[in-house]
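Colleague: I have some questions about the terms used for this model. Please set each one against its definition.

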Amino acid sequence: MSNDEATIVEDSELACVEEALEAGVELLLPRDVPLGGPRAMPVQRVLPNKHRHFVGAWCFADAFGPTDLGDGPGMDVPPHPHTGLQTWSWLVDGAIEHRDSAGGRHTVRPGGLNLMTAGRGIAHSEYSTPETRVLHGVQLWTVLPRGEREREPSFEGHDALPEVELAPGARASVFVGSHAGVTAAVPSFTPLLGVELRIAAGAEAPLALEPGFEHGVLALTDGVLVHDVPVPRGAMAYLDPGRERAVVTGAVVSGESDAVAILLGGEPFEEEIVMFWNFVGTDHATVAEARETWMREREAPEGGRGRFGTVVDDASGSLPSPRIPDVELLPRGRAKRRDR
């Protein structure tokens with residue numbers, strides 16, 4: 001892309017953001033990043049964002065696909081570590097197998113959930129299954145509050161979660177918290193909401209919101225509108241606390257069926273944290289220690305792996321951590337909203 005073309009794209013994106021703000025919606029745009037090792041799969045990362053670090057305790061959101069795996073390797077992420085967070089894997093299409101060092105192993109498919117609680121430290125791997133032809137979904141992280149970051153790691157695999165009709169042509173699947181009269185029996189450590197919305201072309205999903213929560217609507221397909229504001233695929237419409245309702249519409253898009261979006265919510269997370277690679281901690285020293293431990297343990301024989309352990313039935317080489325910066329990593333908290 002030439003400099004002139006890049007300028008045109010930036011100006012167009014800025015105009016979209018400004019129009020959304022006028023309608024009372026903060027539009028967060030994603031960036032393209034590779035996920036995994038040498039055979040990395042491209043994803044669209046909307047959180048963390050320079051304009052907003054959290055939505056509730058949701059601190060990380062990657063949208064991917066729909067990707068035809070005939071054109072690439074799919075998800076191929078060898079063993080790697082996590083601390084201080086929960087990871088949530090939700091699919092629209094395809095299947096991903098999870099394995100971890102706490103003994104967890106489960107294949108997630110549409111309508112189900114893989115939920116890993118890293119606590120003081122865990123390692124896991126993720127691979128799209130051989131029969132998967134199209135891969136489409138989202139991976140999310142939530143920050144564990146300070147008092148829970150040293151808890152023992154654990155994993156839960158759910159094959160089905162509650163669904164509810166919101167209106168004709170609009171359905172919701174709840175994977176954490178409560179919405180529209182249904183509750184997902186899934187553990188979280190701060191008040192959270194996670195819902196998949198499927199909206200037929202021309203239909204509307206009326207959303208009753210918890211006014212004490214902030215919310216984000218993450219578009220996983222084209223054709224998602226929030227309060228009539230178009231939300232591009234991979235982008236998120238942020239709605240600040242105090243709102244009691246929202247309307248998400250499915251637009252008519254050639255070649256698409258339902259519009260699909262993820263509604264995230266939670267009480268504003270007031271703690272500051274340090275995030276580096278896959279580690280969440282209270283300060284620079286906490287994540288630097290976790291990185292040093294991972295790099296030492298990944299070279300040790302199986303019996304010598306303590307904090308992060310060995311991923312069950314996975315003989316793949318583990319991923320090394322990037323080099324930690326020589327300067328002290330500063331905490332991140334609640335980024336300022338754009339000026340209107």
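Modeller: Start with the cavity. On a 1 Å grid over the protein atoms alone, a cavity is a set of points where a 1.4 Å probe fits but cannot get out; lining residues have an atom within 4 Å of a point. This is a predicted model: local features need pLDDT of at least 70, side-chain atom pairs count only at pLDDT 80 or more, and totals for chains, interfaces and linings use all residues. Residues are numbered from 1 along each chain as its sequence is written, and side-chain values use heavy atoms, with hydrogens and water left out.

Colleague: Which residues line the largest cavity?

Modeller: T87, W88, S89, H98, N114, M116, H124, E126 and F155. By the lining rule, each has an atom within 4 Å of a cavity point. Strand β6 (85–93) gives two or more of them, as do β9 (113–117) and β10. The largest share, three residues, is from β6.

Colleague: What makes β5 and β8 edge strands?

Modeller: Two strands pair if DSSP finds at least two bridges between them. Strands themselves are DSSP runs of E, at least two residues, numbered from the N terminus. The open sheet has the order β5-β10-β7-β8, with antiparallel pairing. β5 (76–82) and β8 (105–108) each pair on one side only, so they are the edges.

Colleague: Why do β7 and β10 count as paired?

Modeller: Five bridges join β7 (residues 96–100) to β10 (residues 122–128). The rule asks for at least two, so they pair. I96 has S128 in β10 as its bridge partner.

Colleague: What are the two faces of β17?

Modeller: A205 and L207 are on the covered face of β17 (residues 204–208); E204, P206 and A208 are on the uncovered one. In a regular strand the side chains alternate between the two faces of the sheet. β17 runs antiparallel to β22 (residues 245–250), joined by five bridges. P206 stands opposite V247 there.

Colleague: What makes a nonpolar core, and where does L207 come in?

Modeller: A core is a set of buried (under 20% relative accessible area, 1.4 Å probe, protein chains only) Ala, Val, Leu, Ile, Met, Phe, Trp, Tyr and Cys residues joined through side-chain atoms within 4.5 Å. The largest has 75 residues, and L207 is among those touching the most other members, with W88, F175, L197 and V248. Strand β23 (residues 259–266) gives this core its largest share, six residues.

Terms used:
Buried < 20%, exposed > 50% of the residue type's maximum accessible area, 1.4 Å probe, protein only. Helix = DSSP H or I, 4+ residues; strand = E, 2+ residues; numbered from the N terminus. 1 Å grid on protein atoms, 1.4 Å probe; cavity = no way out; pocket = protein on both sides within 12 Å on 5 of 7 lines; lining within 4 Å.
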